[in-house]
Amino acid sequence: MNRTPEHTSQERTLLVGLAGQPNVGKSTLFNLLTGLTQHVGNWPGKTVERKEGTLAHNKTRMRLVDLPGTYSLTAHSLEEQVARDFIIQEQPDVIVMVADASSLERNLYLLAELLILCTPVVLALNMLDVAEAQGIQIELHVLEAALGLPVVPMVATRNQGPDELIAAIEHLAYNPATFHPTLPQIAAPHRRVLDQLKEMVAGQVPAPFDPDWVALKLLEGDTEITRKAKGWAGKLLWPRIEALLAAHEDAVLDIASGRYEWIGRMVRAAVTRPRLGQVSLTDKLDRVAVHPLWGLVLLFCVFAAVFWLTFTLAVPLQEWLDVTVVGQAHVAARHLLAGAPGWLAALVADGVLGGAGLVLTFLPILAVFFGALALLEDTGYLARSAYVMDRFMHALGLHGKSFLPLFLGFDCNVPAVMGARVIESRSGRLLTILLAPLVPCSARLVVLAFLAPAFFGAAALPVALALVALNLLVLVLVGITLSHTLFRGQHVAFIMELPLYHMPNARTIGTAVWNNTWAFVRKAGSFILLASVVVWALSYFPTGALEQSYLARLGRSLSPMGELIGMDWRMLVALISSFVAKENAIVTLGVLYGQSGGGLASTLAAQVPPASALAFLTVTMLFIPCLATVAVMRQETGSWRWTLFDVALLLAIALGAGILVYHGAGALGMEG
Amino acid sequence: MFKEVLRLAIERNTISSEELALALDTSPELVHLMLEELVRRDYLQAVVRGGSAACKRCPLRGACLHCRQSRIWMLTCKGAAWVAEEPISSLRT
């Protein structure tokens, strides 16, 4: 190393490099130190901007070079290569490493890489004001002692600290012997290998490269140094080096591990983070929220609260819309079309308003339901629910990787089926695809949220919760059965980030509610409207009388099954129509029962016995997936055999559960 | 330290980065840095939610709750082999 070891009274120019990660205030500091003296060009042969400036202090003149912002010095990018080449080739007297004090861990990794280049380093600890505002306390003397290098506190934006920094640069440049940094150590398993490599490359590495650094970089798998070393080592030595490196490919993690242990030691020694407010609140809440048992209990309570909120706030509004708005529109349409052909009046009043109009009365339910979910997400709870459920599924012996796609299924079963692509093994992927339709998707939950109060009034909440629990129980039982029979697979570990709890943002929640509700309105305006008209047409033609319609004939052909599960032909038809889209169950009921006059809720309550209603909801929750999901299942499994197997399995489960529930409820006196 | 991260994940099947920080006596920030490093080296895979073709076509994408949730990392075969001390080169065959 070509450095001046002693203090000199002669004026000299020091070469100082300014290193650091992007956005740590490096440019601000550079501007502060160099003022109007700076000039901009390009690094030789590179398109990366090179900024230089000068600074005169006492008898010392400094040439400052602003190095490109980099996260490390591994030469993965042009910027990293430029920064590393500058330090190796131009051998600056001092490198000033500018670090963001509020994010010290992240910044210290770069420092660890700088230190192994054997260049004197001053740590400019910038943005201390930001760190203090976040409650982070850094004991500077402790950090300085732990690192073994000068640490200068700074707030560059307020011009605080440049004089101390200049003094530290000068002192270190003139007294390099005082520089004894604590270097990160490679983890024990590969220390001997590194020593072997050092011996092998000694005498082969040309100046200005440091042989020890080259050996370390070779072990790290640094492509540029490997390429250079191949030339330096020659044909005789290189195969031996290559064989040693091939036998220790995992050494790279031991090297990085040593650096992270070093960072951990430094931070533990000198940094104190706040344990007040948000953090301690998160700790306290998480004692329950992520507890293996209480976490599940809380999750169930949260689900209950979402349904309760939906029923309490939205259902009265929905009923009002149903009777007042849609009901009045129905009457008005009949009145306006009094002179029109009977089929046209029936189409508008019963087909359009009885179906899609009814679906639009879902809006309060949707708004509250999506609002509650967005609230849970924005507070940070939804991540915990995923965490708790994942552990639960592992405990039951299900594939861990199945969890994510299945969790997506709560929104829609289609992405759940497609999300199974993340699973490498075919058996794990198939199992997940087969289980996905058993996750109660938002469309089925909306049907439940609409029909449960209509059928059961004040008892809607426990009924809805019991049905969701039944759904999940069936999912788990089917999952356990299949994973222990047809699909044996291995567990996959997950690491999840649990964000801090925080106050929800009204705007975020509002946006989520608006986007979801608007998407539903568009769906109701096209797809559901079309289905409603088709159902109406089948229920009107050929005679105009419901009892003689095509739909009635279809329903009656299924009456033996209907008798077993306590459903009349209208409910069976509603169930079948839900194959196209789950919401169609309500549309069909609206068209078929709404013709009796009055709001759908009161009509259903009056005409459907509780045992039949419970059986209907049970079958709806467990029924075969919608058409879109089946199509995606076929696409993802690449097999009609598996797709039809799952459809048959779900049909059998749904009808079996329906029969049990109907007769069980009948035995409990819920028939009438 | 890296092996300890992966070993803890395998032991518990599912672990949060905060629990990892506690077990390793370090900060969550440092754990996140290590997780990023493990992703770069293919020992972990960052799970990108909302990235599937179905999600991209989904009309609810703009408001999807799952796309905006916290980050998740999944152990890869390479990571599992490393913890089990199997030769990594055997994975290439």
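Chain B contains 5 helices and 3 strands, where helices (H or I, at least four residues) and strands (E, at least two) are DSSP runs, numbered from the N terminus. The model is predicted, with local features requiring pLDDT of at least 70 and side-chain atom pairs counting only at pLDDT 80 or more, while totals for chains, interfaces and linings use all residues. Residues are numbered from 1 along each chain as its sequence is written, and chains are lettered from A and ligands numbered from 1 in the order in which they are written.

**Chain B overall**

- From the N terminus on, the order of elements in chain B is α-β-α-α-β-α-β-α.
- Of the 93 residues in chain B, 43% are buried; a residue is buried if 20 or more other C-beta atoms, placed from the backbone, lie within 10 Å of its own.

- An open sheet of 4 strands has the order β1(B)-β10(A)-β3(B)-β2(B), with mixed pairing; two strands pair if DSSP finds at least two bridges between them.
- Because β1 (14–16) and β2 (44–47) of chain B stand at the edges with a single partner strand each, one side of each has no neighbour in the sheet.
- Neighbouring strands of this sheet are turned by 25° against each other on average, direction ignored.
- β2(B) and β3 (residues 72–75) of chain B run antiparallel and are joined by 4 bridges; B:Val47 has B:Ile72 in β3(B) as its bridge partner.

**Helices on the sheet**

- Helix α3 (residues 28–40) of chain B packs on the sheet, touching β10 of chain A as well as β2 and β3 of chain B, contact meaning that C-beta atoms placed from the backbone lie within 7 Å.
- The direction of α3(B) makes about 105° with that of β2(B); axes are lines fitted to C-alpha atoms, for helices over the stretch in contact, and angles run from 0 to 180 degrees between N-to-C directions.
- Helix α1 (residues 2–12) of chain B lies across β10 (494–496) of chain A together with β1 and β3 of chain B, at about 130° to β1(B).

**A helix pair between the chains**

- The axes of helix α10 (residues 251–270) of chain A and α3(B) come within 11 Å and cross at roughly 170°.
- α10(A) is therefore roughly antiparallel to α3(B), a term for angles over 145 degrees.
- Residues making this contact include A:Tyr260 and A:Ile263 of α10(A), and B:Leu33 and B:Met34 of α3(B).

**A bent helix in chain A**

- α9(A) bends by about 125° at A:Gly234, the bend being the angle between axes fitted to the seven residues ending there and the seven starting there.
- The buried residues of α9(A), namely A:Ile225, A:Ala229 and A:Ile241, pack against α7 (191–201) and α8 (211–220) of chain A.

Methods
A residue is buried if 20 or more other C-beta atoms lie within 10 Å of its own, exposed if 12 or fewer, and partly exposed in between; C-beta atoms are placed from the backbone. Two residues are in contact if their C-beta atoms, placed from the backbone, lie within 7 Å. Angles under 35 degrees count as roughly parallel, over 145 as roughly antiparallel, 65 to 115 as roughly perpendicular and the rest as oblique.
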